Amino acid sequence: MLFAVLGAFASLPLLPFAMLPALGWRSAPYGVQVALTLLVWAALIGAVGLARTTRRGLVAAARRLLKVALPAPAAAPAPAVDRLRTPLWLLLHVAIGWTGALVGGLLLLLGVTLPGGWLDAELELSLFGRSARPGDGWASWAVGLACLLLAAAVCAAVTSALRWLAPGLLGPSSAERLALAAERERALAERNRLAHELHDSIGHTLTATTIQAAVAGEVLAADPVAARAALRSIEESARSALEDLDYVLGVLREQESETAPARTLADLPELFDRLRHAGAAVEPDLTGDLAQVQGTLSRAAYRILQEGLTNALRHGAGGPLQVRVAAAPDSLELRVVNRTGAGPGRSPGAFPTSGHGLPGLAERVRLLHGEMESGADGPHHWRLAVRLPVRLSA
């Protein structure tokens, strides 16, 4: 009820301007002047509703006072038909507010003054030519209580009416719902992509640096040169992961960040070197013109190989990691093969995983309209094979 009364009183400053046309037409009948004033008043109220800031304020007030779940209005301009919903809401809001204020106020006044004849109040009811007066005593108290109950019912009816109207007139239109759904879809897709980036980059770095630290510790006294090389590799891997982490955190905090670190197939030699510093024997087989694979496809292929090699480090038996990258005019083939089992100095559970690796790879490949196979390759090997279509305009 408070929301309705506030809306009604908020329209009062427009009433003097609405009376100007009627005052200028003094020769018109009184009824015409009243009707003209009401029409101009309604037009001014509707004009106020055309402002986008008005709708934002009404939505915020409805959420707080009516307890109606309404999303914030879309930033994009609404179609002309949708913009008429706010003026209509204002008109109904003011009409319902004044009706509730006058009727509810009158009933409240009667309910307070009739019992005991306070302020010498008297009530006469007339119906079909018959009149009756409650008089004093229990009859006046009964009528007063009935008026109070009716006043409460009017307040509840006004509040219910505004709550029923708010979602349709202040809520998002069909076009705004589509825009909000598209925005949520873009946000979810971006967060999903960032989750992939974090999993691929941080997961690979932690796995590689753990193994490199173990290698450095084992050869520190016997081969200081190899130990220093492993430590340099840990530094490079950590710096690369920090770049990815800074970018992702900036996006999640909705801050302006630098361009995302873009690692492509051209960065494969650096990836292979880090693996070798971790003690892995990498046997790359690169064929075709990898330079023709550019853009999103090249970045995704790098991440796929990075994840495949990380899994090989985690679960491999320490044998050579066979990596094949074959670029053809119409397709890109990626393959990682490793021995299975526990590697030297590592148990099968040495690197617990989240279980998101292969499902994440499958989702990434599916988005690129590619094909993926993973599983045992003979009794002692595991194979990851991916085939991606090449689009020269990627």
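Which residue in strand 5 is the bridge partner of Val325? In the predicted model, that partner is Leu334. The pair belongs to an antiparallel arrangement in which strand 4 and strand 5 are joined over six bridges. These two strands form a hairpin, with three residues between them.

Strand 4 also pairs with strand 3, which comprises residues 282–287; the two run parallel and are joined by six bridges. Within this pairing, Pro284 stands opposite Val323 of strand 4. Five of the seven residues of strand 4 are buried, and the strand is therefore largely enclosed by the rest of the structure.

In soluble globular proteins, nonpolar side chains tend to be buried together. The largest nonpolar core of the model contains 33 residues, of which Leu268, Leu305, Leu309, Leu332, Leu334 and Leu388 touch the most other members. Two or more residues of this core are contributed by each of helix 10 (268–277), helix 11 (295–315), strand 4 (321–327), strand 5 (331–339), helix 12 (357–367) and strand 7 (381–389). Helix 11 supplies the largest share, nine residues.

When residues up to four places away in sequence are not counted, Leu309 touches Leu271, Phe272, Leu275, Leu321, Val323 and Val336. Among these contacts is Val323, the strand 4 residue that Pro284 stands opposite.

Technical notes:
Residues numbered from 1 in each chain as written. Predicted model: local features only at pLDDT ≥ 70, side-chain atom pairs only at ≥ 80, totals over all residues. Heavy atoms only, no water. Core = buried A, V, L, I, M, F, W, Y, C linked by side-chain atoms within 4.5 Å. Buried < 20%, exposed > 50% of the residue type's maximum accessible area, 1.4 Å probe, protein only. Helix = DSSP H or I, 4+ residues; strand = E, 2+ residues; numbered from the N terminus. Contact = heavy atoms within 4.5 Å. Pairing = 2+ DSSP bridges.
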